[in-house]
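Please look over the model below before reading on.

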Amino acid sequence: MSTRTAGPRAGSGAALGLAGRAADLWRRTVPWRWLTPSTVLIAGVIGFPALYMVWMSFLDISRIGLVTGMAGLDNYARLLGEDALSLVVGNTLLWLVIVVGLTMLLSLALAQFLAKDFFGRKFVRLALVVPWATSLVMTATVWRFIYEGGNGLLNRMLMDLSIISAPVDWYKDPATALYSVMAVGIITSMPFTTYVLLSGLQTVPHDVLEAARIDGASAWATWRRVTLPILRPSIMIALVLNMLHVFNAFTVIWVIMGKTAGNHADTTVTWLYKIAFTAQLDAGEAAALGVLNVAFLLLLILAFVLVLRPHRNPSASSEPSAPSPAVPEPAPVASQVGPPAGLPRSPEPGRRSGRPAALARAGRGWRRIRPVVLPLIGFAVALFFIAPYAAMLFGSLKTDAELFAVPANYLPETWAWSNYADVWRRIPLADFFRVSLTIALASTALVLVLAAPAAYVLARMRFRGRTAFLSVILVTQMFPAVALLIGLYRQAVFVDGINSYGVIIAINSAFNLAFAVWILHAHFSAIPVEIDEAAMMDGLGKFWIMLRMILPLAAPGLVTVMIFTFIQVWNEFVIALTLFNDPAGGRVPLTVGVQQFIGLYETNYQYLFAAALMAIVPAVILFAFIEKHLVSGLTAGSTK
């Protein structure tokens, strides 16, 4: 009888063992099952075009896009033999150094100013949000109007102030074109950079600053030896992201320069577009330039990271960290003996001489006028950032004759409110809004659906390959879509995805996914793990823990990601211009559609501005509502 029962029991034990191994394997694959959707999107939309662009650079491709064989290094040789190469490379280096350098300096000063408490500070911060929330297409367009020759507002103002005696063709004259565009590049780069640095300043402990002041350290010594070391991670992040933005700046240069002949204001990015799509139609040579662009960008980023790599807190956990550097925590004030590390110690009591009388008087005088001076400076800063959009508003209310009157008028003589009604009849504006809204909402939803599980599993689990995935996330953050434009275009051709909603949504989602994972990972890591453990004891699985417990607690991060993604997609220009521009099929996004008012010989600025303002106002209002989350969201993202 025992022989009869041994078989079933042995089989039952084997089945249980097999089931146990299957369950263990299922548990061990949890991280990769949660990361697979994000990985597939990144690999398909960023990885494949990047690799294919390298392959294209060695192919012989005809002007109509047919591959006729291998070209070897001919594409690179032809590129290096271009007469315009030295001019374009020089422009790019000058553009990068001046725009990034001045942006960082001005943003650091502005962040320090906005960190102070004064009447009207919130208004100044909201004014700074306007160029950030506004599409670069719209901002570049209004600056093109300001720079116009005889009827430009800049010329009118400088002539009224007797600074110049005759109008200057700011963006048409080769001597001034690049520098004119640089000024717009700096202005449009400052808001985000300032907010990143401002978020870093929020992490500086007030008790450490107070200890330095009590110990007699000057304001400069305190800033240099206390504030600056703590701010280094934010400076690195701001510098790298700003460098990426500036190097790959296409929209500002392209919209302002338009169809202006020559390469006197081209950088390698705009020149690449001309080689591929407008002037030469040479995809192989454009791919070679794209490969060199990406290689240069990676080397530049690596150099900055090595030079500015922040020191990690030695007491921090040895577990793998989030993508961005951790801010070192200062020692508690109670445990410090003397001033913070690096600051000069106060003189001995018998040798203390006190501040000079003149310095003390200056300090007392500053404290008396500070409540008046700081708001005045703040108002001037706010006016500077809002002024171009005020010019856009007044321009949208002028008649065609007033717009091109010489000299130009600052305010409309006849307030043409009818422009806002006429613009709907002149172009299919409703269709442009519908298309942009569809793409932006779908892309935002896809980013949230993919980023939340990836960020949660990265924040809560330690597994083999975690560091590699985080590195991939950082690398994809380094690849703006314009850098891979040639590969993306060819990929869209392969899948018959030109003018396809699916392709444009996938591309926009992929290039915003890294930022979303980065920010959400930081917020999820800040939530105590005990919440997960308590929920698991109540029988909830990981998915429901994330959905019911973690996501509500990470609401500021979710809001930040949602708004950032929506605005980024809403304002996207170069990919839409190249891959989703089908007027006959009613598939034209707003940023591309409004360019119909810009012609080779005439631009209908009044209608262009009316349409632009209707696109800008919702984005600015949206940013204004979440402005209080911007600093907290960026702080979490830059310090975790």
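**Notes on packing and cavities**

1. Start with a crossing. Helix α5 passes helix α26 in a right-handed crossing. Bear in mind that this is a predicted model.

2. Now the geometry of that pair. Two packed helices are described by the angle between their axes and the distance between the axes. For α5 (residues 121-133) and α26 (residues 605-625), the angle is about 130°. Their axes lie 9 Å apart. Angles over 145 degrees would count as roughly antiparallel, and 65 to 115 as roughly perpendicular. The two helices are therefore oblique to each other.

3. Which residues make the contact? From α5 come Leu126, Val129, Val130, Trp132 and Ala133. From α26 come Ala619, Val620, Phe623 and Ala624. Sorted by class, the contact of α5 with α26 has nine nonpolar residues, with no polar and no charged ones.

4. Turn to a second pair. Helix α12 (residues 268-278) packs with helix α19 (residues 485-494) at an angle of about 30°. Here the axes are 11 Å apart. Angles under 35 degrees count as roughly parallel, and α12 and α19 are therefore roughly parallel to each other.

5. The α12 side of this contact is Leu272, Tyr273, Ala276 and Phe277. The α19 side is Leu485, Ile486 and Tyr489. By class, the contact of α12 with α19 has seven nonpolar, no polar and no charged residues.

6. How many cavities of 30 Å³ or more does the structure hold? There are six. The largest cavity has about 1200 Å³ of space. It is lined by 41 residues, and the closest to its centre are Leu136, His245, Pro480, Asn512 and Gln568.

7. Among the elements giving two or more residues to the largest cavity are α5, α8 (177-201), α10 (219-247) and α23 (555-570). Helix α20 gives the most, with six residues. The lining divides into 24 nonpolar, 16 polar and one charged.

8. The second largest cavity holds about 80 Å³ of space. Of its 13 lining residues, Ile253, Met257, Gly258, Asp266 and Lys274 are the closest to its centre. The elements giving two or more residues to this lining are α11 and α12. Helix α11 supplies the largest share, three residues. By class, the lining of the second largest cavity has five nonpolar, six polar and two charged residues.

Technical notes: Residues are numbered from 1 along each chain as its sequence is written. This is a predicted model: local features need pLDDT of at least 70, side-chain atom pairs count only at pLDDT 80 or more; totals for chains, interfaces and linings use all residues. Side-chain values use heavy atoms; hydrogens and water are left out. Axes are lines fitted to C-alpha atoms, for helices over the stretch in contact, and angles run from 0 to 180 degrees between N-to-C directions. Helices (H or I, at least four residues) and strands (E, at least two) are DSSP runs, numbered from the N terminus. A crossing is left-handed if the near helix is turned anticlockwise from the far one by less than a right angle, and right-handed if clockwise. Contact means heavy atoms within 4.5 Å. Ala, Val, Leu, Ile, Met, Phe, Trp, Tyr, Cys and Pro count as nonpolar, Asp, Glu, Lys and Arg as charged, and the others, Gly among them, as polar. On a 1 Å grid over the protein atoms alone, a cavity is a set of points where a 1.4 Å probe fits but cannot get out, and a pocket is an open set with protein on both sides within 12 Å along at least five of seven lines; lining residues have an atom within 4 Å of a point. Grid points are joined across faces, edges and corners, and a volume is the space filled by probe spheres set on the points.
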